[in-house]
Amino acid sequence: MPIKFSDAEIQSTGAFLVGELERLDPELYAPITDFTWSRDIDLRTDVTIADEVSSFILSNYAGGFGGTSVGKKSWITGLDTTPATVGVSQTKVSNPITPWGMEVNYSIIELQKAMQTGRPIDVQKYDAMRVKHQLDIDAQVYIGDTELDVTGLLNSDDQVTSGNIGTYTEGTTTPQQVIAMFNEVLNNAWAATQYTRLPNRILVPPALFSALVSTQLPNTNMNLLRFVLENSLTRTAGGFLEIWPCKWLADTTIFATPRIVAYTKARDVVRFPLVQLQSMPVQYRNYQQSVPYYGALGAVEIVRPEMVYYGILQD
C-alpha cells in the first residue's frame, strides 16, 4: 500500500492543493483573541519561579484614638496625666504561586515543509502557546481558579463589600437614574474608606457598556457614557474616572446576577503576582525539536479590600 500524507499532516504544515484558477491569499488569519488584564491591574514583579507563596502584611492601628476619658483627642490635662498609647497589629495574607508551562514541539520534517510553503510552523506554534498563556492569565486575574481555590478581581470574597444598586433597562431607565446608580456605587466605595479615596475605575458587562455608548441624550451631542463620566462623583470631586467593559462580567455561569465592579487601580490596592514566561534551550529527541516554556501565576492580591466595591444589578 502506498504511503500517503494524512489530512492532519497537510493542515499542520499549511500545504494545500491550489487550482490554476484559484487565488490563494497568503496571509495567515489567527483566531481572534483579546485580553484586557494588563489594562485593569498592576503587576507584582518581585516574585520568582522559586517562590511557592506570595504574601503581604496588613497593619491595623489600635488604642490611643479615644483621647482622655471625656474627649476624643489625646489631650494632656496636667503633668500627672498618663499619656495615651497606640498599638499596632499585623496580619499576613498569603496566596499560592503556581508554576505554568507548555512545550512547543515540531518535527524536522514539519519544519522543512512549513519553510518551503513560507508558513513557519515554529512561529505559529509559539504564537498559539502565547495565546494560551495570556488566556490563562486573563482568567486568573478576573475570576481566579476553582482548582486552586482562589478568586479574582471580580469575585473575591476577601472582605470586599457589595450591595444592590437597582437594575438598568435600555429605553426605560432615565439618564438621571443611571447616574444615580453609578454614583451610589462610588459613594458606597467612598464610605468604606471613611471618605478618603474614591474609585478611579469601574468595570461593567459589555451589554451595559454598549447601551451607555449607544444611548444619545436628547438635544445634546453627548451619549450616556460621557454623561456618567462627566457627572460622576469621582470627576466632580476632582478625580478621574474610567469605565471599561469586561467580557468576564457577561459570563452568566459565573455571575448569575450581573454586577459592576468599582475599585482604585493602584499597586497598593490590587495587584497580580506574575513570573514572566521564560524558555529553555531547544531539546532534540530523534526527529523532534521541542522548546519548553515556563512561568508562574499567582492569585490577585486585594491589599485594601475596602477600596473595592461590587454593585449588584438587581432590585
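Guide: A residue is called buried under 20% relative accessible area, exposed over 50%, and partly exposed in between, with a 1.4 Å probe and protein chains only. This is a predicted model, in which local features need pLDDT of at least 70, side-chain atom pairs count only at pLDDT 80 or more, and totals for chains, interfaces and linings use all residues. Residues are numbered from 1 along each chain as its sequence is written, and side-chain values use heavy atoms, with hydrogens and water left out.

Visitor: Why is Asp-149 called exposed?

Guide: Its relative accessibility is 69%, and the threshold is over 50%; therefore Asp-149 counts as exposed. Asp-149 lies in the loop between helix H4 (121–143) and strand S5 (161–164), where helices (H or I, at least four residues) and strands (E, at least two) are DSSP runs numbered from the N terminus. Although not a glycine, Asp-149 has a positive phi of about 60°.

Visitor: How do you know whether Asn-286 is buried or exposed?

Guide: Asn-286 has a relative accessible area of 78%, to be set against the limit of over 50%, so Asn-286 is exposed. The loop between S10 and S11 holds Asn-286, a non-glycine residue with a positive phi of about 55°.

Visitor: What makes S5 and S7 edge strands?

Guide: Two strands pair if DSSP finds at least two bridges between them. The open sheet of five strands has the order S5-S13-S8-S6-S7, with mixed pairing. S5 and strand S7 (242–245) each have a single partner strand, so one side of each lacks a neighbour in the sheet.

Visitor: How do you know that S6 pairs with S7?

Guide: Four bridges join strand S6 (residues 201–204) to S7, and at least two are required. The two strands run parallel, and Arg-201 stands opposite Glu-242 in S7.
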